[in-house]
Amino acid sequence: MKADVLLGLQWGDEGKGKVVDVLTPRYDLIARFQGGPNAGHTLEFEGTKHVLHTIPSGIFHADTLNVIGNGVVIDPVVFKKEVDSLLSRGVDVRKNLKISRKAHLILPTHRLLDAASEAAKGQSKIGSTLKGIGPAYMDKTGRNGIRIGDLENPRFIELYTALVDKHKAMLAHHQYAYDLSALEPDFFTALEVIRSIPFIDSEYVLNDALNSGKAILAEGAQGSLLDIDFGSYPFVTSSHTVTAGTCIGLGIAPTSIGKVYGIFKAYCTRVGSGPFPTELNDETGELLRTRGHEFGSTTGRARRCGWLDMPALKYAIMLNGVTELIMMKSDVLSGLDTLKVCTAYRYRGEEITHVPYDVVNEHIEPVYTELGGWSEDLTGVTDVAALPDGLNRYIDFIERETGLPVTIVSVGPDRMQTLLRTVLA
Ligand code: IMP
């Protein structure tokens, strides 16, 4: 078997959690391969909303194994909160969750360093979620990090103290005031919760699963335009959010990748700083934000909203080898007479259709194609045949531009508000 991948084609918050949950019955195993508690994957079913940060979105299906892969960074404190919240809703993660020994830990001092680093950047701050993601990945690549497997090492506390001492020196350099003693008790309590979950050599578990014919879905976090290499650097996250990140973050060979589901919103949002060519700072942007409830599920921050950006979408499709598209939040566009889609950029006096190197310092002006909208409310639609003509034209336009089928259309936050446009293999 091959491992399928589902990942975001924009700046995150596309709705990956919801679709992973919908697709989970088709898979034996769901695996997260990058990111950490900067993610907030929201799932809604049976009238209840669930937000997951570190735990894969297949967790509500008791027969599916969920794996936190080596490429993920885990904050035990956030993890414990997730476990407690799931337990209170009758989901015991100890039954179907396993953690890679090679995943890295986020320490309380990583969170402090994130805050200190953002404060030092002043106006040019990235708009980080301040969850300690960047500093934890820095320690990973700097060969200083502490891994889940180290929790099995009797010298764990020595490793912890040595790294915290390094962090204290860095915090002193930043002249950042903090009280670590207020954070450590929660951290050490939460480590015990982590220890109650089986640790695995996930690269073996996943490859064995593939070899024995099990179906795996890799769940991306953040979005392709936040990728450390291909995003609008430096306004990016610290991990590889593209398909290639699956191979690194799970130990799966590129030849083992099957379908790549690329998920995008019918419009665009971005949270945090950084370029956003189609951003709408007007009442249409406000309408998208209000109607789409565009407020961060991790930080509560208002998301910036704008029109669909085709050069950026095509760029993400190219980077990821997307095989099919999933369009989210179509219902939010209902009632708009005219929809704009950016089909090119005006850049340094020329019209271009690629994403240029310098998107941060250069002015990028979107060139729009206008399409008619639709007035119908979509949230009650249960059959693709009942989708309005305006929406079908919008989808046709996207399929023509990208050369890919839009196989799933989402018309609301609930699991049930998901329409398959084709019979999925
Ligand atoms: P960090 O990953 O917390 O360091 O944040 C870096 C940038 O990525 C900031 O602009 C964040 O707002 C953005 N970001 C990180 N995680 C997410 C996410 O899950 N959804 C949307 N934006 C995110």
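1. In helix α2, the buried residues are P76, V77, V78, F79, E82, V83 and L86. As background, an α-helix has 3.6 residues a turn, so residues three or four places apart point the same way.

2. A note on where the values come from. This is a predicted model, in which local features need pLDDT of at least 70 and side-chain atom pairs count only at pLDDT 80 or more, while totals for chains, interfaces and linings use all residues. Residues are numbered from 1 along each chain as its sequence is written, and side-chain values use heavy atoms, leaving out hydrogens and water.

3. Now the whole chain. Its secondary structure comes to 11 helices and 20 strands; helices (H or I, at least four residues) and strands (E, at least two) are DSSP runs, numbered from the N terminus. The radius of gyration is 21 Å, close to the 22 Å that the globule rule gives for 425 residues, so the chain is as compact as a globular protein of that length. Here the radius is taken over C-alpha atoms, and the globule rule is 2.2 Å times the number of residues to the power 0.38. The C-alpha atoms fill a box of roughly 65 × 50 × 40 Å along the principal axes.

4. How much of the chain is buried? Buried residues make up 57% of the 425 residues. Of the contacts with a separation of 6 or more, 77% are between residues 24 or more positions apart, where contact means heavy atoms within 4.5 Å.

5. Next, the inside. A nonpolar core is a set of buried Ala, Val, Leu, Ile, Met, Phe, Trp, Tyr and Cys residues joined through side-chain atoms within 4.5 Å. The largest such core has 54 residues, and the members touching the most others are L9, L325, M327, L333, Y394 and I398. Helix α11 (residues 389–402) supplies the largest share of this core, 5 residues. A second, separate core of 39 residues includes V83, L113, I146 and L171. In soluble globular proteins, nonpolar side chains tend to be buried together.

6. Leaving out residues up to four places away in sequence, I398 touches F264, L308, M310, L325, M327, G403 and V406.

7. Back to helix α2 for its length and ends. Helix α2 (residues 76–88) has 13 residues and reaches 18 Å from its first C-alpha to its last, close to the 18 Å expected at 1.5 Å a residue; the expected span is 1.5 Å times one less than the number of residues. At its start, a side-chain oxygen of D75 comes to within 2.9 Å of the backbone nitrogen of V77. Just after the helix, G90 has a positive phi of about 85°.

8. Strand β1 (residues 3–8) holds L6, which is buried with a relative accessible area of 0%. L6 has several contacts beyond four places in sequence, among them K16, V19, V20 and L23. L6 and T246 are 240 residues apart in sequence and 9.9 Å apart in space, C-alpha to C-alpha.

9. R143, not a glycine, has a positive phi of about 65°; R143 lies in the loop between α4 (133–141) and α5 (156–173) and is exposed at 73% relative accessible area. K329 also has a positive phi, near 60°, and is partly exposed at 22%. A cis peptide bond joins Y233 and P234, with omega about 5°.

10. Finally, two loop residues. H61, between β4 (48–52) and β5 (65–68), is buried at 17% relative accessible area and touches D21, T24, P25, N96 and R415, not counting residues up to four places away in sequence. S196, between α6 (184–195) and β9 (199–200), is partly exposed at 30%.

How values were computed: Buried < 20%, exposed > 50% of the residue type's maximum accessible area, 1.4 Å probe, protein only. Polar contact = N/O pair within 3.5 Å; in protein donor to acceptor, adjacent residues only side chain to side chain.
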